[in-house]
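Hi everyone, thanks for coming. I'd like to walk you through one model today, starting with a helix and then moving out to the chains. Have a look at it on the screen first.

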Amino acid sequence: MESLLMNILGAVTTFLLAFAVGMTYGGLRRKIVARVQNRYGPPFYQNFIDAFKLYSKSTAIHHGAMHFLGPAFIMVSSVVSLMFIPVLTNNQWFPNLNFQGDLIFLIYIMVFGPLGMALGAGQTGNPNSAIGVTRGLSQMVGFEIPWVMALIALMVQYKTTSITGLLDIQVQSGHWFMFENPFAFSAAILASLGMFRYSPFDIVGAPTELASGPMSENGGKFLFVMMSSGSVFAFVKLTLIVDLFMGGASNLIILVIKTFLLYMIPVTYGIVSPRYRTEQSITYFWGWPLFFGLIAIIYAVFF
Amino acid sequence: MDIINIILVIFFAGALITAFAAKISSIVQDILFIGTILATSIIFFLNINTNTETIINLSHINLTLGLTPLSLYFAFIVFGLAVLAGFYAVGQMQGKKKKGYFYFNYLLSIAAMFGILVSKDLVSFFIFWEIMTWSSYLLVIYNGENVQKTGIKYFVLSAIGAYSMLMAIVIIHSLTGSFLISDLISGFNNMSANMQILIPVLLLTGFGVKAALMPLHIWAPDAYSNAPMSYTAIFSGALSKMGIYGMVIVFLTLITKLPQETLIRDIIAWLGAITAAISTLWAIKQDDAKRLLAYSSIGQLGYIVVGVAIGTPLAMLAGLFLAFMHGVFKSTLFMVVGAIEKQTGTSNLKEVTGLIRKMPWTFIAALISIIALAGIPPLGGFVGKWMLYESLITSNHYLLVTLVFFSSTAAFLYCYKFLFGFFLGQEEKEWSHVKEAPAIMVVPMLILSLISVVLGSFPQLILKPINSALSYYSLPDTYNNLWKESMIFNKWGDQVALTPIVYGVAIVFIVFAVFLFFKNRKTSRYVTTKDISTSGEVPKEHENLTFKENFFQPFLRAVEPAMKRQMDKYMLAFAKGLEDLFDFTRRIYNGNGQTYAIYAIIFVIILLLLSNNLFS
Amino acid sequence: MVGTPVLFIVIPLLAAFIIPLTGMVWKNSVRIIPGLVLSYMLALSVSLMWHITETGTVVEVIAGWKPPIGINLVFSPFSGFLATLMIFLGLLVWAYSYKFKRNVDSEPALKYFILLMLLVTGSVGIVLTGDIFNMFVFIEIVGISGYGLTSFYTRRDSAEAAFKYLFMGSIASTFLLLAIMIIYSQLGTLNIAEIADKMPMMSNKLKVISLIFFILAIGIEAEIFPLNGWAPDVYTQAPGPIGAAFAGIVVKSAIYASVRLVYTMFDLSGALDLFIVIGLITFIVAETTALRQERLKRMLAYSSIGQMGLVMVAFGIGTKEGIFAALFLIFNHAIIKSLLFFSGSYLVYNKKNKFIKHVNGMGKYLPITSILFTIGAFAIIGLPPFAGFWSKLAILTAAADSKMLMLIAIILTVSILEAVYYLRVINRIYFFPKKKSTEAKKPTLNALIVMISLGIIIMVIGFYPDLITGIIDRAATDLMDKTGYIKDILTINN
Amino acid sequence: MEKYLEILNYTIYGAAILLLLIGLYGALTKKSLIKIVLGLSIMDSGVHLLMISIGYLKNGTAPIFSPGHENELAKMVDPVPQALVLTAIVIGFGVTAVALALVIRLYKHHNTLRIDEIKNLKW
C-alpha cells in the first residue's frame, strides 16, 4: 500500500517536474526567439502566466463529446509516455513504470497524442483545424521514419529494446551512444526537429497566423490542458533523447543542462529557417535524416 | 455421425432451406438463417474436440476431417464473426432483394471456411476452398455493379491461386501417394530439391491470393468494396484468414525443412511489407470508405504475412494475434460503413459528414476499432504490432521493420480520414435526418469493439490457443518465454506489461476527461459546428466549412513516385492484350468450308512429314 | 439379360423403316416410337452392363460367322460404358425435344426423331463393333443423320453448316477407306482383334501412314484441331438438343474409335504423345477461341471441343489413371454439356442469332433454367462440389503421376480462360438488365424434367463420385487389357 | 514385254490414286459448290477403284464356290473388297444426294454457289 502511495506520489512529482521544466523551456524559447528577432519578448515565465490565465478562464462553448475527449487523449499520450521514461539514471527516485514498457511501446504511445488532438479538432468542425491535423499527421509520417530508424539502430546495436536497459549500458560503460553511433544520434536529432514542430516545421499549428491549426477552436481549460500536455511532452522528448543518447542524468541539474542544450537545437534551427510546406518537410525528413538512419542501422549491424 | 459432419450438413441444409424459404416469408428466412448459424456455432463451441477424425471413404480418395489446434484457433475467428456478422446481416438485409441468394452464399462460405479448417487432407481442403471461392464470388457480385470487371478479376485471381494449389496437390499426391497433409509433412524430406521448392511456392501462391499478397492482391479493393458490407466483414475478417491459415501451415511444416528457408521467408516477408506499405498509401488516397477499408485490409494482411513468414515463435504469435485482431476490428469497421451506408445511402467520405451526434454508438465502435487498427495502446492491436516489431528486430530484419513501421504510421492518416470523414467535421443539414442504425446492427459492432478492448488488457485469452496451435506444429512453448499472463516479452527479455499500461492509460484518461468535463460542464454550452471562429469572423450561411477535397494532398504529393506504378493496370493491360490476341487467333476459323478441308490436308501432310520423328 | 448386343443395331434400324409407315396412321407415333426404342436400348445396355460384371465381355457373333471372318459386336466394360452413356443421353435428348418442336408440323418432326434415333444407333454401333469396315459404315450412318439434323431448320444458315460438315465428312470417309484398305491389303483382315494380333507383321511405314489416315478421318469426327472447323457451325445451327447430342454422343464415339485404334490396334509408341500434343493444341485453341465468342451456342461448341481435347490429352497420358480420368471426363462432359446446351437453348430461345447478350437478365424470368445453367457452368469449370471437379482432379492426378508438370500447368492455365467466359455469361444472366427485344420462353415440362434430372446427376456425382467411378474403373482396366480383348474375340466359341 | 505388262498391273493403282488426287484437287480449289461435290465424288470413285484393285488377282476367277472347282480356291479374287466397295458406293451415293440437296438449299438461301461467299458462320 505504501509503495503504491509512493508510486503515485512519484508519478505526480514527475508530472509536476515535467510540467515546470517544459513550461520554462517554452518561455525561454519565446524569449530567445524574440531576442534574435530583435524584439524584447515576454519574460521566461510568461508561459506559466498564460497557463494560469487559461486555467482560470471558463469555457463558454463546446462542440460535443470529442471536444472534451480530444485533450484528454493528448494528455494520456504525454503523461503515460512520461511514466515510462526514466527521468534519472538512479531509478530509485522516479521509478514510475520504467520497467513495464519499452521503446516500441513508447513510440506508439507518443503518437497517441496527435491522433487525440486530431479527433478533438475534428469535432469542432473548423476546417482550419482539420487542415492543420492533416498537415500534422502527414508530417508525423515524415519524421517518424528516421526517428524509428535511429531507435532501431540502438536496439540492434545493444540487443535490447528497453529504455532502462539502454540507459544502464551507457551508465555502466560510460560511453554515450551519441558517440557510439553518431549517425543514429543525427537521425534522431533531425527527426526531433519535426517532433517539436517549431519553425521550419510549424505549418501544422501555423502560430503566426490568427486562429488556425488544430487548436483554433480550443480555449480556456481545453487550451490549458493542451498547453500543459505540450510542455510535458517536450520534456518527455528531451528526456528520452538524453536517456538514449547522452547517458541520462544522474541528478536533476545535469538533466536540466542536458535537456536544455538539446532543446536549443530545434530552437536555433527554427530561428534561422523559413517555414516548409508540408510536402517539403516530408521530403526533408526522407532525405538526410533517413540516410543517417540507414547508415546508423548499417553501422549498428556491421560495426 | 460425427460432430463435424453434423455441422457441415446443418450448414448445407440450412443454406438450401434458407434460400427456398423466400417463398414463405422474409421473417422465416431471417430466422432460419440466424438459426443455422447459431445452431452450428453452438454445436461447435460445445463440442470442441481436436481428437476426433472423420474419414469419408471414396473409392480412391479418403477425405479426412478433423480439427487441429491451429484450425481450432481459426475456427474461433470464423464462427465468432459468422454469428456477429450474421445478426448484423439480418439487420442490413432488411427490405433488400435477393435475400435468399445472399443468405445461401453466406452460409455456404461459412461452411466452406469451416470445411477448410477441418480438412486434414488436401482434396477436401481444395474442395472447400473452391466452394468458398465461388460462394464469395457470388457475393462479390451481389450488388451487380461492375460484375464483369470486379467479379471476373476476383475469380481469375482466385482461380490462379486455386489452380496453383491444385497443381501442388496433385504433385504431392504423385510423390507421396497420399493426399493427407500429415503425409505431406512427413514425406517432404524425401522429395527432390526441385519439388521441395516448387510445392511450397505453388501452395504459397494459392494462399497468397486469398491473403491479398502483393502481385496477387489486385482483386481485393474492388471485391471488398463491392460485396455487401455485412459479408465484407466476413470476407476481410475471416475469409482472408484462410490464406493466412494455409501460409501458417506451409511455413511451419514445409519451409522449415528447406535449405533456402531464409530466402523464401525473406521474399514473402518483403512482399508482405511492400503490400502493406503500398496499399496503405492507396488507402490514404481513397475517398470511398469501402475502398479505403479494402486497401487497409490488404495492408493489415500484409503485416500478418510478414509475421507468419518470418516465423520465429514471436513472429508467429504476432501474425496469428494480428489475424485475430484484424478479424475483429476490420469487420467492425466494415460493419460501421455498412450501417452508415444503410442510414445515409452512401459510403463516400466526401459526402457524409458530422454523424457523431446522430450515430453515437456506431461512432464508439468505429473509434475503438480505429484505435485498435492503428495499433495504439492499450487496445488489442498494439499487442500484435508490438510482437511483430520485436520479432522483426530480434530476428535481424531492420529494413523490413522500418518499412512495416512506415506503413503502420501512415495508417494513422487513413484512420483519421475515416473517422473525420464520417463522424467529425461540419454537421451538414443534408444529414440531419440520419438516425442511429437498428440495434441488431449496432450490438454486434459494440461486442466486437469490446473484444478489441478486452484483448488489449488480456491478450492471454488469445495467446493461449495460439500457443497450443504452435506447439502442435512442434514450435517451442511460448508461455513464460514470450508471454506470461498479460506480459509479453521478446527474445532479449525485454517486456511490456499490459496491465500497468492499461491502468496508467485508463487513470490518466479518466482523470483528465473528468477534469475537463466537470470543470467545463456547467459553464459551457453546446454550439453547432457552424458556430466557429474562422479567424475572428462569423462564417456566413453559404460558406463552405467542410474540408473534404484533397484531404492528404501534401502527403500524397510527397509519396507520389511510389504510387505511379499500379500492378492493377499492368495486369489488366496484360489480360486485355491476351484477349485481343485470342480474338485475332480465332480467325483461323474463317468460315470457308474449303479452308477447313485444306487444313485437314495440311494436317495430314505435316503428320506424314513428321512421322519419322513422331513414331520412332 | 434382356437381349444380345445385336439388338442395339437391329431394333432401331427396323424401327427407322417402320416409323414412316406408322406415322401415316398415327402421327404421334413418330415421336413416341423412337423414345420407346431408345428406352429399350437403355434397358438392354444396362442389363448387359450388369451381366458383364459377372461373365466378362460379351462378344456377339453375327450370322454365325465366327471372328475373324464374321462381323462381331463387342460389349466390353469399356464399350458398354460408352454405349450406355450414349443411349442414356439419346433418351434424354429425345425426352427434352419431345415437345420441342410442337409448333413445327409433324413432317420435319418425323425426320427429326428418326434421325436422332439413327444418330444414336450409329454412335452405339461405332462403339460396339469389332470390325473396322463396320465402323466405317456406322460413321457414315452417324454422318448422314448428322447432316440431316444439322440442316433441320430451313430458315437459319443451317445448310451452310451442314455442307461444311458434309464436306469434311466426305474427306474423312475417303481417308478412312484408304486407311482400311491399307490395313486389309497388308493383313488381310478387318477384325480389330485380329488386326491387333497381326499388327507386328505390318511394315512400319504403312503402319504409320494408315494410322495418320485414321487419325485424320476420325479426328474430323472427334473435332480435333485443325479438323474441327465444321463443328462450331454445326453446334450453332443444329437444334439445341442436337448440339447436346453431338457433344455427348457423336464426338464420344469418335473418341472411342481413335482410342481403340491407338490402344488396341496399333502398337506405335509415339501415338500417345501425338494424342497429347494434338489434344493440348485443340484444348488451347478451342478455349482461347471461345473467350470472345458472341454467340452462346458457338461458345458452348468451342468449350465442347476444348473438353474433347482434354479427353485426348488424358488418353494420351497412357496410364490407367489417365484412361480413368479420360472416361470420367467423357462421362461428366456428356452430362454437363448436355445440360448446358439444353438450358442454354431456352435462355436464348426466341432469337435467331442466339447472341450471348440475349441471356441478359434471364435469371429473373427463367430462374430454374438459369440456376441449372449456372450449375452446369460451375461443373464444367471444375468447381467442387459439382461433378466436373472429380474428373479434373483425376486428369491432373494422372498427369502428375506421369510427371507431366508442364501439362498440368497448361491445362490449369487454360482452365482459367474457360472459367472466364462461362462466368461472363452467368453474370449476364443474373446481373444485366433484360433487353427489351428478348422475351423469356418458359421451358416445357419434359424439358424441365430432363434438365433438372441432369442437374441432380451433376450434384449427386459431385457429392458422391463413387456412384460412377467403379464402372469407369472397370472400363479403364478393360481398355488397358489389349491381350484380353484379342483373346476374348478370337477364341470365342458359342 | 513381260516386264512392261508387269508394270501395267500396277497402273490400276496409279489410276486410282490419280483419280483420288484429281478429286481432291477439285474439292480443294474449285469455288463452285457443284464442282466441290463432283470432286468429292471423284475422290470416292478413286478410292473404290483402289479397293477393287487390291482384291484383284491376275487371271482370277469369280469368288463363287461351285462344285468341281474347289481346287481353284487360290485363284479366286478376294470377295471382301468387292463387298466393301458395294457398300461404299451406296454410302457415297447417299452422301452425294444429301450434298446436292444441301447445295440447292444453299443456293436458295445465299443466291450463290461460290463457297467463299457462304461465310455467315465463322470465328
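Let's begin with helix α15 of chain C, residues 367-381: its 15 residues reach 21 Å from the first C-alpha to the last, close to the 21 Å expected at 1.5 Å a residue. That expected span is 1.5 Å times one less than the number of residues, and helices here are DSSP runs of H or I with at least four residues, numbered from the N terminus.

Before I go on, this is a predicted model, where local features need pLDDT of at least 70, side-chain atom pairs count only at pLDDT 80 or more, and totals for chains, interfaces and linings use all residues. Residues are numbered from 1 along each chain as its sequence is written, while chains are lettered from A and ligands numbered from 1 in the order in which they are written.

Just after the helix, C:G382 takes a positive phi of about 100°.

Staying with chain C, who does it meet? Here 23 of its residues are in contact with 23 residues of chain D, contact being C-beta atoms, placed from the backbone, within 7 Å. On the chain C side, α5 (132-150), α6 (158-187) and α9 (230-237) each supply at least two residues, and α6(C) gives the most, with 14. That side divides into 14 nonpolar, five polar and four charged residues.

Chain A is another story. Chain A and chain C do not touch, with their nearest C-alpha atoms 41 Å apart, and chain A does not touch chain D either, at 55 Å. Of the four pairs of chains in contact, chains A and B share the most contacts.

Now for chain B. Its domain assignment gives domain 1 (260-495) and domain 2 (566-614), and their C-alpha centres lie 49 Å apart. B:V78 touches B:I110, B:M113, B:F114, B:L117 and B:A238, leaving aside residues up to four places away in sequence.

And how confident is the predictor? The complex gets an ipTM of 0.89 and a pTM of 0.92. For chain D, the mean pLDDT (confidence per residue, from 0 to 100) is 82, and 90% of its residues reach 70 or more.

Conventions
Contact = placed C-beta atoms within 7 Å. Nonpolar A, V, L, I, M, F, W, Y, C, P; charged D, E, K, R; others polar. pLDDT = per-residue confidence, 0-100. Domains from an automatic or database assignment.
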